[in-house]
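Subject: Structure for your review

Dear colleague,

Please find below the structure that I am handing over to you, followed by an account of what was found in it. I would be grateful if you could read the two side by side.

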Amino acid sequence: MNKNKVEICAFCNKQKTDVNVLITGNTGNICDLCVSQANKIIEEEIKLKESINLKNDIKLFKPSKIKEFLDQYIIGQDYAKKVLSVAVYNHYKKVLHSQNDKDSIELDKSNILILGDTGTGKTLFARIIAKMLNVPFCIVDATSMTEAGYVGEDVESLLTRLLQVANYDIKLAEKGIVFIDEIDKISRKGDNPSLTRDVSGEGVQQALLKLMEGALVNVPPQGGRKHPDQKFIQLNTKNILFICGGAFAGIDNIIKDRLRTISLGYNRDKRVEKRSNFLKYVLQSDLRKYGLIPELIGRLPVLTYLDSLDKEILLKILIQPKNSIIKQYEKLFAMDQIKLIIHPKVYDLIVDYAYDLKLGARGLRSICERLFLDASYSMPNETAINQQLKIDIKYAKNKLDEMRLSNIKRVI
């Protein structure tokens with residue numbers, strides 16, 4: 001072997017002295033720069049293949065299979081799972097068979113409205129269903145939209161986000177799912193039409209009608225009103241599934257009035273007054289009284305609710321699902337070769353604190369972020385391997401008490 005032979009990269013012909021690392025193979029060499037470039041090419045090819053698969057393959061499953069998939073990620077909420085499974089199955093069954101169906105019967109679109117407290121899983125439901133069906137999915141906040149001509153986002157701009165997720169593939173975007181959050185925040189005040197212009201409430205509801213019904217909509221490809229000269233893209237919303245979610249705070253009182261179950265005096269049964277107990281009786285008339293216009297209610301024929309989360313459910317959410325918060329942290333620490341060991345009583349402590357925050361599953365995430373913050377900052381080390389992070393009840397209580405104290409100081 002010639003020791004004086006200059007080692008060069010077989011791809012870019014750079015010498016070993018010109019690069020950081022030169023990897024030697026049996027028949028050639030490759031430098032770190034070419035490895036990095038090759039990795040980018042591989043990632044782009046994988047994304048392209050995924051996009052091609054997405055175009056041609058909506059994975060339609062039977063309702064029972066959809067529910068089984070939801071069970072892997074969401075604890076409880078069996079009634080909502082059944083309602084959503086059937087609604088989604090019927091919607092995409094109609095989409096897939098509409099082109100080949102020569103029957104004159106047209107099937108109406110069944111958009112969905114989900115009622116539930118903060119952190120009960122409204123957004124998660126929609127996200128997981130979109131993941132299972134392999135369709136584009138986007139989330140928009142109803143409170144950010146205003147009627148055309150006023151400061152804020154046009155309603156049509158929500159479709160821009162769907163187009164972006166679909167990589168501007170129009171046919172693909174036309175089969176996607178749009179989740180509109182905080183739909184209750186655009187309700188008009190009272191059951192009677194407003195005498196004054198309500199640009200972010202009733203006006204937005206009116207603007208949403210044609211999108212949900214199904215129409216050709218001019219969509220700004222770059223979104224918003226910052227690019228007035230942009231050419232619009234026409235999108236048919238006939239096969240786009242709209243799922244709306246909201247907490248609808250106070251609607252339980254409307255339901256109580258209708259059911260005439262408000263009990264007065266000192267002997268009223270507190271168990272009867274649980275919000276989730278009344279949501280199961282919600283009707284379209286209650287939504288109208290809350291402030292949704294009748295036309296919008298008519299375009300959301302599938303109505304379901306989510307139960308409030310008690311401590312038992314919160315504990316299961318923390319540790320059981322496929323994507324549970326604890327499993328996510330175990331994986332994050334494992335990436336740095338750190339084994340996470342948590343005492344079982346710590347789980348109960350996390351749940352107690354989360355329940356007090358009244359933020360549902362989001363409270364669990366906030367508490368875990370605080371609990372693991374210091375360890376996440378100090379433990380990752382390039383030289384240390386096979387470390388262990390043990391979280392006992394004493395350590396957890398100290399960290400969470402610090403969080404509770406800081407929250408009190410903010411309030412003061």
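Helices α14 and α15 cross in a right-handed sense. The model is a predicted one, and in it α14 spans residues 344–357 while α15 spans residues 361–371. Their axes come within 8 Å of each other and cross at roughly 125 degrees. On the α14 side, the contact consists of V346, I350, V351, Y353, A354 and L357, which meet G363, L364, I367, C368 and L371 of α15. Sorted by class, this contact of α14 with α15 holds 10 nonpolar residues, 1 polar residue and no charged ones.

Helix α15 also packs against α12, at an angle of about 55 degrees and with the two axes 10 Å apart. That angle makes α12 oblique to α15. The crossing of α12 and α15 is right-handed. Here L314, I317 and L318 of α12 meet A361, L364 and C368 of α15. The contact of α12 with α15 comprises 6 nonpolar residues, with no polar and no charged ones.

I317, L318 and I319 of α12 make the contact with I325, I326 and K327 of α13. By class, the residues of this contact divide into 5 nonpolar, no polar and 1 charged.

An open sheet is formed by 5 strands with parallel pairing, in the order β4-β5-β8-β3-β9. At its edges lie β4 (137–141) and β9 (302–305), each of which pairs on one side only. On average, and with direction ignored, neighbouring strands of this sheet are turned by 20 degrees against each other. Within the sheet, β5 (residues 177–181) and β8 (residues 241–246) run parallel and are joined by 4 bridges. I177 has L241 in β8 as its bridge partner. Helix α5 (residues 157–165) packs on the sheet, where it touches β4, β5 and β8. The direction of α5 makes about 155 degrees with that of β4.

Finally, there are the aromatic rings. A search of the whole structure finds 5 aromatic pairs. One of them is formed by F248 and Y290, a tilted pair with 5.2 Å from centre to centre and 55 degrees between the planes. This pair links distant parts of the chain, 42 residues apart. F248 lies in the loop between β8 and α8 (251–259), whereas Y290 belongs to helix α10 (residues 284–290).

With kind regards

Terms used
Residues numbered from 1 in each chain as written. Predicted model: local features only at pLDDT ≥ 70, side-chain atom pairs only at ≥ 80, totals over all residues. Heavy atoms only, no water. Pairing = 2+ DSSP bridges. Helix = DSSP H or I, 4+ residues; strand = E, 2+ residues; numbered from the N terminus. Axes fitted to C-alpha atoms, helices over the stretch in contact; angles between N-to-C directions. Contact = heavy atoms within 4.5 Å. Left-handed = near helix turned anticlockwise from the far one by under 90°. Nonpolar A, V, L, I, M, F, W, Y, C, P; charged D, E, K, R; others polar. Phe/Tyr/Trp six-rings, centres within 6.5 Å; stacked < 30°, edge-to-face > 60°. Parallel < 35°, antiparallel > 145°, perpendicular 65-115°, else oblique.
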